[in-house]
Amino acid sequence: MKIFDTHCDALLKLQVTKRNALFKGELLDYRNGAELETNFGRLQAGGVKVQFFAIFVHPELPSDEKWQHALEQADLFYSEILEKNPLMKHIKNWKDIDLLKPAEIGAVLTLEGADAFGNDLAKLRHLYRLGVLSIGLTWNNANLCADGVGDPRGAGLTVLGKEVIRLNNEYHVFTDVSHLAVNGFWDVMDLAKYPIASHSNARTLCDHPRNLDDQQIKAMFANKGMIDVVFCPEFINRDSERATIADLVRHIDHLCSLGGIHQVGIGSDFDGISSHITELKNASEFPNLINELQKHYTEAEVEGFAYRNFLENRPGM
């Protein structure tokens, strides 16, 4: 079965190892690098049809270095993922997904946190031109656009943040709420045409600030937003580094009970998490998740979670 995965951090891993290679002479190979949970071979083995790749710039970097780090990761997306793997095809607009041939895998470039462009909207427009199709305003920290879930102030969007959403709407780009503080989340609900939670779970089942409460979940569904479940055990079982596929399915069950049967998907967070679900440690093991889902849902519903819900809820549809 085809899989659409709306979040991974392979670009950061590639960047870190490339910078280390300047001193150690070792470069991570995207085609089969064992350290990469979403390497090309594993995507093929797991049936992944579309993989999102996040640009992530750590908030503790000096401000004058953040843009360079973002460009380095975008360059690795082109040079290591696309150019060296002919079957990886860049999804530059949402209709490109429909043009993928049977053996091809779509690659979507995203941005996790507006730190990369600061308050420079020319840089943001450059990211759109590079093909960025989903933007999360924050990681866990606060920045010039909004507060993240880790900032105690918990404020909503700034004027700049609201302008970014306006541009996302204009460019048919997702606005990702997965790391956003609650007040900012509600601002997004008022403004965004294309909201998504690229990697979040249900807070009712696991009381973690990275998850969405029932009111937020219902608002996402009312605004035609996708919620893509994340594989990080800490967001599945509170205060635990262990989780099973059955534990993850409980979150899908809860989202569906709130009206999300046609708006739930997958956002693994592979290459960005330090612990893993049992039997779901990398992209090659996606069939284990599908097999478990088929015990609880119809084939059509499982296809929805795997890829079809995304196809029906992408911008422009």
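What volume does the second largest cavity have? The second largest cavity has about 40 Å³. This is a predicted model, where local features need pLDDT of at least 70 and side-chain atom pairs pLDDT 80 or more, while totals for chains, interfaces and linings use all residues. Residues are numbered from 1 along each chain, and side-chain values use heavy atoms, without hydrogens and water.

**Terms**
- On a 1 Å grid over the protein atoms alone, a cavity is a set of points where a 1.4 Å probe fits but cannot get out.
- A pocket is an open set with protein on both sides within 12 Å along at least five of seven lines.
- Lining residues have an atom within 4 Å of a point.
- A volume is the space filled by probe spheres set on the points, which are joined across faces, edges and corners.
- Helices (H or I, at least four residues) and strands (E, at least two) are DSSP runs, numbered from the N terminus.

**Cavities**
- Three cavities reach 30 Å³ or more.
- The largest cavity holds about 70 Å³.
- Its lining has 13 residues, with L111, E112, G136, D176 and S198 nearest the centre.
- Strand β4 (105-112) and strand β5 (132-136) each give two or more residues to this lining; β4 gives the most, with three.
- The lining of the second largest cavity includes F4, T6, M226 and D228.

**Largest pocket**
- Of its 22 lining residues, W139, F235, D269, G272 and I273 lie nearest the centre.
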